[in-house]
Amino acid sequence: MECVEYKGYRFPATTVKDLEFAENELQVLDDDVFNVTYPKSGTTWMIEILSLIHSNGDPTWSQEVPNWDRVPWIEVQGTEEKLKKIQDRRRYFSSHLPRQFFCKSFTNSKAKVIYTARHPKDVAVSFYHFSKINKLFEYPENFDLFLKNFLSGNLPYGSWFDHVKGWLELAGKDNFLFNTYEDLQKDLRGSLKRICTFIGKELDEAALDAVMENVSFKTMKDNRMANFSLVPERIMDLTKGQFMRKGISGDWKNHFTVAQSEYFDKVFKEKMADIGVKLPWEEN
Ligand code: A3P
């Protein structure tokens, strides 16, 4: 299966019909929560966080049901059918869609979006390694070429810069929470509390402890329902690497040359100049 072209972008594991469904037909409910990210920014981590918050820290759901059924991606093949099955609980969804292709019915709803962004240099590194194991993506010849594609937006889901800019237009709205991968790393408990408040869910300290434990990198790495080891080999080749790779911030320093890093900073400054929001990674 290859990526599909949709309005000038490439998307994996889907069809034009499924993308049209997500954009035009999916009826968002006011109670829905969306986990929105550019790929490799902490999507899977947030799936686990939302699942564990939903179950008050009880890991049963996370241990028995694959993450793509707990917090399904709305833009992939088969979403319409999957949605029909979620009836007796609050709905949580994931999406990598750029803002302009996101469900039209979201605009006038009270549904909530948690947008998680990550230091773009770490996103590039994680995406590079992920492209080696994900057969739906072009195999990256080397990091330098991959970086060029990252900076020009020539990758599935398009440009990181456009994605972040598009979604940050919602900053300040009551139903939009901007979160970063680095926040989760630095202060997981504080982040969990912020997310609980945002989605209107109260957890006591013991439940928070349980969430913390079950969303840790170590626990998730060993959880087959979270580490993508159930994905068929024709899609993911886990002999070439792991989905739960390193789970750290700053790994870009092990990959970028000084010249690559300086050029990246230059592009970042140009592309993010008009954003109007101070991003946490501007100084490094
Ligand atoms: P690395 O490749 O840098 O290790 P996504 O889910 O958006 O595809 O992002 C995947 C990245 O998030 C991978 O980064 C993965 O290891 C990391 N990740 C997933 N769960 C994590 C956790 N519990 N703690 C820290 N990092 C996590």
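Before the panels, some ground rules. This is a predicted model, where local features need pLDDT of at least 70, side-chain atom pairs count only at pLDDT 80 or more, and totals for chains, interfaces and linings use all residues. Residues are numbered from 1 along each chain as its sequence is written, and side-chain values use heavy atoms, with hydrogens and water left out. The chain averages a pLDDT of 96, with 99% of the residues at 70 or above; pLDDT is the predictor's confidence in each residue, from 0 to 100. For the complex, the predictor gives an ipTM of 1.00 and a pTM of 0.97.

**View 1. Four strands make an open parallel sheet.**
Read across, the order is β4-β3-β5-β6. The edges are β4 (92–95) and β6, each pairing on one side only. From one strand to the next, the twist averages 20°. Strands here are DSSP E runs of at least two residues, helices are H or I runs of at least four, and both are numbered from the N terminus. Two strands pair if DSSP finds at least two bridges between them. β3 and β4 run parallel, joined by 4 bridges, and Asn35 has Ser94 as its bridge partner in β4. Helix α2 (residues 43–54) packs on this sheet, touching β3, β4, β5 and β6, and its direction makes about 160° with that of β3. Contact means heavy atoms within 4.5 Å; axes are lines fitted to C-alpha atoms, for helices over the stretch in contact, and angles run from 0 to 180 degrees between N-to-C directions.

**View 2. Strand β5 is covered on both faces.**
How many residues of β5 (residues 112–117) are buried? The count is 6 of 6, where buried means under 20% relative accessible area, exposed over 50% and partly exposed in between (1.4 Å probe, protein chains only). Lys112, Ile114 and Thr116 sit on one side, with Val113, Tyr115 and Ala117 on the other. In a regular strand the side chains alternate between the two faces of the sheet. β5 pairs in the parallel sense with β3 (residues 33–37) over 5 bridges, and Thr116 is the partner of Thr37. Another 5 bridges join β5 to β6 (residues 176–180), also parallel.

**View 3. Helix α8 is largely enclosed by the rest of the structure.**
That's because 7 of the 9 residues of α8 (residues 160–168) are buried. They are Trp160, Phe161, His163, Val164, Gly166, Trp167 and Leu168. Their cover includes β3, β5, α6 (120–133), α7 (143–152), β6 and α13 (258–271).

A search of the whole structure turns up 34 aromatic pairs. Rings of Phe, Tyr and Trp (its six-membered ring) pair if their centres lie within 6.5 Å; planes under 30 degrees apart count as stacked, over 60 as edge-to-face and the rest as tilted. Tyr6 and Phe101 are edge-to-face, at 5.7 Å centre to centre and 70° between the planes. Tyr6 counts as buried at 5% relative accessibility, and Phe101 does at 6%. The rings of Phe161 and Phe268 are also edge-to-face, because their centres are 6.3 Å apart and their planes at 70°. This pair ties α8 to α13 across 107 residues of sequence.
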